[in-house]
Structures are given as structure tokens and as C-alpha cells.
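Please look through the sequence and the model shown below before reading on.

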Amino acid sequence: MPPVVTGLLVALLVIIVALVIMCIKVVPQSKAYVIERLGSYQATWNNGLHFKIPFIDRVAGCVTLKELVRDFDPQPVITMDNVTMQIDTVVYFQITDPKLYTYGVDQPISAIENLTATTLRNIIGELELDQTLTSRDIINTKMRAILDEATDPWGIKVNRVELKNILPPRDIQDAMEKQMRAERERREKILQAEGEKKSSILIAEGEKQSAILRAEADKEARIKRAEGEAEALIKIKQAEADGIRLLKEAGADEAVLKLKSYDTLSAMADGKATKIILPAELQGVASFASVLRESIKE
């Protein structure tokens, strides 16, 4: 075989091998290839090894199946009470059908952005300013439902929609700041007044409890003193009764009783009394004592 022919065969073989290698496609995980054959949709390749026919099949699109996030620029919207504000949104979506995503709409991301802006204007236009600022969850839920339904023909599923920032006009922001400052001052005064009220109540209750405790202590002291005096009086009377009982048991005669009476009178006449009235029986005893004393002297 002539060298020229051999060279051509080798070159042809190299070209065929190169074409075969180029036609072998490996689709990675979370990817999908849309294949066209002679300009028409042929198949969707998922992850794995695939082979396309050279010059007939071509890869029309490579689609990622991961969840995607798009942060769209702020959009001017007007509320029902004619307040213009800027709102930017974040959309979380996922491609569920690569074929519809490839052939359903031109520039799908731009289509989602425009659809988000128009939907947001429609929803905000039905709300007042205060409702817009306090109803984020409601707005997010409504937008997700509307966008998910509208993007179904494009092979897109909208998982979440979040309002990232809501920026009212500057004069509205100043008025809101003043309102919040006044509300904080009002709450501070209320808390301060409630604190003073509770403090006064606690002080009054403390004074009341202190007065009650002092009164109870004085009452207990008086009761104890009265009980002590009563017990002492009982002891004294009991001692006197015991003394009389002992005298009776000892068989004391009249003279002893008179001497005991004399001792009592002596105790009474301890220098403090100026006049003493003696019973007739004791006068006789006194005369007898004087005569006895004179006899002893002689």
C-alpha cells in the first residue's frame, strides 16, 4: 500500500476516533442536557454516560437542577394610600422540567423578574402603608402562590419568595422615627409610673406589717406581764394559806397569835407611820410587857 494511502487512512482513523470521543458525553450530578436531533427535541439526558450521533445530535441546553436564588433589584410600588416605596425581593426556585425550561420561555430569569415585579405591584396596591410594613408573611405567601402557578408552563417551581427590604420615602421614615420615639417615651413613662406605684404599695405594706407586728409584740408583752403578776399573786396567797395551815397544824394558842399580831404591828410601825390604833387585846399585851420590863430593871 502506497505511503500516501496509508497516511490518509491513519488520518481518517484519527478523525473518526476524535469524533467518537467528542460524541461521548458524561452528564454530572444535578445537571441535565437537552438534546436536539436535526433541530427538533430528541431527549433529556440525566446524570451518566451518553453518546450522541455526530453532525445529527447536538446539546441544545445544559440545565442545573439545584435550587437557585435570585436577588432582584428594588422595584417602585405604590400603596393604596398613595405612598411610593422601594421593595426588593429574593426568589428561591428550582427547574423541574429541563425541556419546558429550554423551550417554554425566552430568558427565563428575566421573565421571573418581570413577573415578580408586576405581582408585587398588584399585591401592594391593595394594601395601605401600615399593612405593607406589618404583613410580610402574607405578601410572601401570596407572591409564592402566584409565581408558582405562573411558572409551571416554564418547568420552574417557586419554593419561596421573601421581601428583602421595604424602603418608604424619607419623610415617611422621619415621621415613623418620631412616632416610634414618642411611643418609646410613652412606654418609659408608663413603666416608671408603674414602678413608683409598686414601690409605694410595697412601702405601705411594709409599714402596715411593721405596725401589726409591733402591736402584736406589745399585746404579747402585756399578756406575759399580766400572767406573771397573776402567778406571783397566786404564789403569795398560796404561801399565806400554807402559813396559816401550818399554824393550825402546830396548835398555836391565843398568846402566840397575839405575838404574831404584835410582830405585824411592829412591821407596820417601822418609823414611817405617825399614828397606830391598837386593838384592845394588844393593849393588854403591851401593858403586860411594860410591867415585865420594869420588874427586870428592879
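In which loop is Leu38 found? Leu38 lies in the loop between strand 2 (31-37) and strand 3 (40-45), where strands (E, at least two residues) and helices (H or I, at least four) are DSSP runs numbered from the N terminus. The model is a predicted one, in which local features need pLDDT of at least 70 and side-chain atom pairs count only at pLDDT 80 or more, while totals for chains, interfaces and linings use all residues. Residues are numbered from 1 along each chain as its sequence is written, and side-chain values use heavy atoms, with hydrogens and water left out.

The backbone of Leu38 has a phi near 55 degrees, a positive value in a residue other than glycine, and the residue is exposed, with a relative accessible area of 68%; here exposed means over 50% relative accessible area, buried under 20%, and partly exposed in between, for a 1.4 Å probe and protein chains only. Phe55, which sits in the loop between strand 4 (48-51) and strand 5 (57-64), also has a positive phi, near 65 degrees, and counts as exposed at 73% relative accessibility.

In the loop between strand 5 and strand 6 is Lys66, which counts as exposed at 52% relative accessibility. Leaving aside neighbours within four places in sequence, Lys66 is in contact (heavy atoms within 4.5 Å) with Ser30, Phe93 and Gln94. The C-alpha atoms of Lys66 and Gln29 are separated by 9.8 Å, although the two residues are 37 apart along the chain.

For the protein as a whole, there are 8 helices and 9 strands, and of its 298 residues 20% count as buried. Among the contacts with a separation of 6 or more, 62% are between residues 24 or more positions apart. In soluble globular proteins, nonpolar side chains tend to be buried together. A nonpolar core is taken here as a set of buried Ala, Val, Leu, Ile, Met, Phe, Trp, Tyr and Cys residues joined through side-chain atoms within 4.5 Å. The largest nonpolar core has 28 residues, and those with the most contacts inside it are Ile87, Leu120 and Ile139. Two or more residues of this core come from each of strand 8 (84-95), helix 3 (108-124), helix 5 (136-150) and strand 9 (156-167), with helix 3 giving the largest share, 6 residues. Beyond its neighbours within four places in sequence, Ile139 is in contact with Leu120, Ile123, Ile124, Leu127, Thr132 and Leu163.

The largest pocket is lined by Leu129, Asp130, Leu133, Thr134, Met176, Gln179 and Met180. On a 1 Å grid over the protein atoms alone, a pocket is an open set of points where a 1.4 Å probe fits, with protein on both sides within 12 Å along at least five of seven lines, and lining residues have an atom within 4 Å of a point. Helix 4 (129-134) and helix 6 (170-250) each supply at least two residues of this lining, and the largest share, 4 residues, comes from helix 4.

The mean pLDDT (the predictor's confidence in each residue, from 0 to 100) is 81, and 82% of the residues reach 70 or more. Confidence is lowest in helix 8 (residues 280-297), at a mean of 51, and highest in strand 6 (residues 67-71), at 92. Where pLDDT is low, the predicted coordinates should not be read in detail.
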